Amino acid sequence: LIPRPLTPADAPAVLAVIRAAFAAQPIVTDPPSGALAETPDSIARALATGGAGIEAGGELVAVVLWEEEAGGLYFGRLAVHPAHRGQGLARRLVDA
């Protein structure tokens, strides 16, 4: 499972991973995460600045979105589908 670059065309699949991951959070956050309010358009805009994903069985199962700013790299979303957690996929994305 090797990370690959994501493009705005991946937005619907990226959104599905984010929604699955954040909906499965066992702890309620206050304020609530904005992840569940994302749309295909907001994800496509975020992907224009950068992102990577990992596929399993031909489907995205882990994603990270980022933005380069002032010499730093800022993560916007990091999500792993609940069925694929515990495999080190988030670490692979961050290390990539």
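**Packing and salt bridges**

Modeller: Start with helix 2. Its buried residues are covered by elements that include helix 1, strand 2 and strand 3 (59-69). Bear in mind that this is a predicted model.

Biologist: Which residues of helix 2 are buried?

Modeller: Ser 42, Ile 43, Ala 44 and Leu 47 are buried there.

Biologist: What does Leu 47 touch, beyond four places away in sequence?

Modeller: Leu 47 touches Leu 6, Thr 7, Pro 8, Asp 10, Ala 11, Val 14 and Leu 65.

Biologist: OK, the core. How many residues has the largest nonpolar one, and which have the most contacts inside it?

Modeller: The largest nonpolar core has 16 residues. Val 14, Ile 18, Ile 43, Leu 47, Val 63 and Ala 79 have the most contacts inside it. Helix 1, helix 2 and strand 3 are the elements that each give two or more residues to this core.

Biologist: Which element gives the most?

Modeller: Helix 1, with seven residues.

Biologist: Switching to charges. How many salt bridges?

Modeller: The count is three.

Biologist: Which residues are linked in a network?

Modeller: Arg 4, Asp 10 and Glu 55. Asp 10 meets Arg 4 at 3.1 Å, N to O. Glu 55 also forms a salt bridge with Arg 4, with the closest N and O atoms 3.0 Å apart.

Biologist: Is Asp 10 buried or exposed?

Modeller: Buried, because its relative accessibility is 14% and the cut-off is under 20%. Arg 4 is partly exposed, at 26% relative accessible area. Glu 55 counts as partly exposed too, at 33%.

Biologist: And which residue does Arg 77 form a salt bridge with?

Modeller: Glu 38, with the closest N and O atoms 3.0 Å apart. Arg 77 lies in strand 4 (residues 72-80), and Glu 38 is in the loop between helix 1 (11-23) and helix 2 (40-47), so the pair ties together parts 39 residues apart in sequence.

Biologist: Are those two buried or exposed?

Modeller: Arg 77 is buried, with a relative accessible area of 17%. Glu 38 is buried as well, at 15% relative accessibility.

Methods: Residues numbered from 1 in each chain as written. Predicted model: local features only at pLDDT ≥ 70, side-chain atom pairs only at ≥ 80, totals over all residues. Heavy atoms only, no water. Salt bridge = Lys/Arg side-chain N within 4 Å of Asp/Glu carboxyl O. Buried < 20%, exposed > 50% of the residue type's maximum accessible area, 1.4 Å probe, protein only. Helix = DSSP H or I, 4+ residues; strand = E, 2+ residues; numbered from the N terminus. Contact = heavy atoms within 4.5 Å. Core = buried A, V, L, I, M, F, W, Y, C linked by side-chain atoms within 4.5 Å.
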